[in-house]
Amino acid sequence: MLRTVYTPNSNTITFPIPQSWYGQKVEVIAFPVNEVLNTSNSPVLINDRIVKNRKKREENNRKYSVSFSALGYKFNREEANNYDE
């Protein structure tokens, strides 16, 4: 699906379509809108959401991270690979 909102300056609008659509029937619907209804797909809002989620994730990583070496844990590969016991 391709959704694009244009503000035309003339009576002709052209827009690119994916190459995978070549040779297929494509439906184009155009109607005037007073307000863009689906602003969640806006690149600016998506980037803001990504930045906020990243900051929240990094904050949680700092808050809940555990240093196993500080707790005295040392990984023993021989013990981990000993399947017989």
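Biologist: What percentage of the 85 residues of the protein count as buried?

Modeller: This is a predicted model, in which local features need pLDDT of at least 70, side-chain atom pairs count only at pLDDT 80 or more, and totals for chains, interfaces and linings use all residues. Residues are numbered from 1 along each chain as its sequence is written, and side-chain values use heavy atoms, with hydrogens and water left out. Buried means under 20% relative accessible area, exposed over 50%, and partly exposed in between, with a 1.4 Å probe and protein chains only. Of the 85 residues, the share that counts as buried is 0%.

Biologist: Is tyrosine 22 buried or exposed?

Modeller: Tyrosine 22 lies in the segment before helix 1 (43-64), where helices are DSSP runs of H or I with at least four residues, numbered from the N terminus. Its relative accessible area is 54%, and the cut-off for exposed is over 50%, so tyrosine 22 is exposed.

Biologist: Which kind of aromatic pair do tyrosine 6 and phenylalanine 15 form?

Modeller: Rings of Phe, Tyr and Trp (its six-membered ring) pair if their centres lie within 6.5 Å, and planes under 30 degrees apart count as stacked, over 60 as edge-to-face and the rest as tilted. A search of the whole structure finds 2 aromatic pairs. In the pair of tyrosine 6 and phenylalanine 15, the distance is 6.2 Å centre to centre and the angle between the planes is 35°, which makes the pair tilted.

Biologist: Which kind of pair do phenylalanine 68 and tyrosine 73 form?

Modeller: The ring centres of phenylalanine 68 and tyrosine 73 are 6.0 Å apart. Because their planes stand at 65°, the pair is edge-to-face.

Key:
Helices (H or I, at least four residues) and strands (E, at least two) are DSSP runs, numbered from the N terminus.
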